[in-house]
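Open the model in a viewer and keep the selection tool at hand. The tour below goes from one selection to the next.

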Amino acid sequence: MFRTPIEKFLASWNFTSDPCSNPHFTHFLCGLSCSNNRVTQLTFDRAGYSGTLSPLVSQLTQLITIDLSDNKLSGPIPISLFSLPNLRTLNLRSNSFSGTIPPALSGLKTIETLDISHNLLTGVLPDSLSQLGLTRLDLSFNKIKGPIPKLPRNLIELALRSNLLSGFLQPASFTELTQLEVVELGDNSLTGTIPGWFFLLPSLQQVNLANNKFTGMEILKPANSNLIAMDAGYNKITGYLSANLSNYPMLSSLTLRYNKLHGPIPMEYSTLKRLFLEGNYLNGMPPKEFFTGKSSVSGSLGDNCLKSCPVSSELCLKSQKSLAICQQAYGGKVKQKS
């Protein structure tokens, strides 16, 4: 009888014996680990196993870790999986699981890490998400739509990149996240203004909001900030660059490429290490500190309306927009110099 790859995997399990008996390594050679005579870990090797995940897995009630990542498992994630009372890590990354994330997710009372990225999940994020004790959540590269609901307050890393998320960044979703360090929301359809309170989240270090539909960005002065890197490129952000960014003492990398920004580049930006502003309508003279050795900034200022951006500098390797385009952007009031 023909067996799918996952059936061949399961065929290595000898159900005539207790998988946690001594010496337990003589049974269930693939995938199971035991502690205190209980199965606590289920791990598939990355061999491209196909098939569906049996709901009977939930009968292993002492499971702490499930890692089935980088295979070809498909179908819905069994609801019963979300009732495991001791599960801390669920990693289903890079499979072909489909269907929605059910509200029953809140049954994972002890979960800390949830990674179902690179699958085929649809639907919306359930409100029950906020009831979890997660520190790391990665649902990137799926087809999840709708707004971002209230998130688990213990989150340290949030990754929802490359979905179909829409709507505004709402305070109710984020304001209790005092430990949040990394936010990956790029490649969605989020809209509106990126609010100033967002960058004031007390532990925030890295933010990726690129490739959305944001039209504005508010930058407030922080009392204190750990923000190191911000990427809001490839949006539709209008307005002017804020000098308030100089008040973020740890900020070293800023990317706002291919937006609709106007006006000059603030002198304060010369303290940055990486600066990508190409593809806007910035004008005036770029800060001379960029080119005098007083700044170690790298990046790109090309495809703007800047005057005297020296082509000898890496920052200016890409040419500026034509005079006609710049005059149109500024109502015929811009003059460029080579």
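Start with Cys305 and Cys326: the torsion about their S-S bond is about -95°, so this disulfide is left-handed. A disulfide here is a pair of cysteine sulfur atoms within 2.5 Å, and these two sulfur atoms are 2.1 Å apart. Cys305 lies in strand S25 and Cys326 in helix H3 (residues 323-329), so the pair ties together parts 21 residues apart in sequence. Helices (H or I, at least four residues) and strands (E, at least two) are DSSP runs, numbered from the N terminus. Cys305 is buried at 1% relative accessibility, and Cys326 is buried at 0%. Buried means under 20% relative accessible area, exposed over 50% and partly exposed in between, with a 1.4 Å probe and protein chains only.

Before the next stop, some notes on the source. This is a predicted model, in which local features need pLDDT of at least 70 and side-chain atom pairs count only at pLDDT 80 or more, while totals for chains, interfaces and linings use all residues. Residues are numbered from 1 along each chain as its sequence is written, and side-chain values use heavy atoms, with hydrogens and water left out.

Now select Cys309 and Cys316. They form a disulfide with sulfur atoms 1.9 Å apart, and with -70° about the S-S bond this link is left-handed. Cys309 counts as buried at 11% relative accessibility, as does Cys316 at 2%. A search of the whole structure finds two disulfides.

Next, go back to strand S25 (305-306) and show the sheet it belongs to. S25 is an edge strand, as is strand S19 (238-240), each pairing on one side only. The sheet is open, has four strands in the order S19-S21-S23-S25, and its pairing is parallel. Two strands pair if DSSP finds at least two bridges between them. Inside the sheet, two bridges join S21 (residues 260-263) to S23 (residues 281-284). Select Gly263 to find Leu282 of S23 opposite.

Move to Phe174. Which residues are in contact with Phe174, leaving aside its neighbours within four places in sequence? They are Ile148, Leu151, Leu158, Leu169, Leu180, Leu185, Trp197, Phe198 and Leu201, where contact means heavy atoms within 4.5 Å. Phe174, Leu185 and Phe198 have the most contacts inside the largest nonpolar core, which has 80 residues. Strand S2 (38-43) and strand S15 (189-194) each supply at least two residues of this core. Such a core is a set of buried Ala, Val, Leu, Ile, Met, Phe, Trp, Tyr and Cys residues joined through side-chain atoms within 4.5 Å.

Finally, select everything. The protein has three helices and 25 strands, and buried residues make up 47% of its 338 residues.
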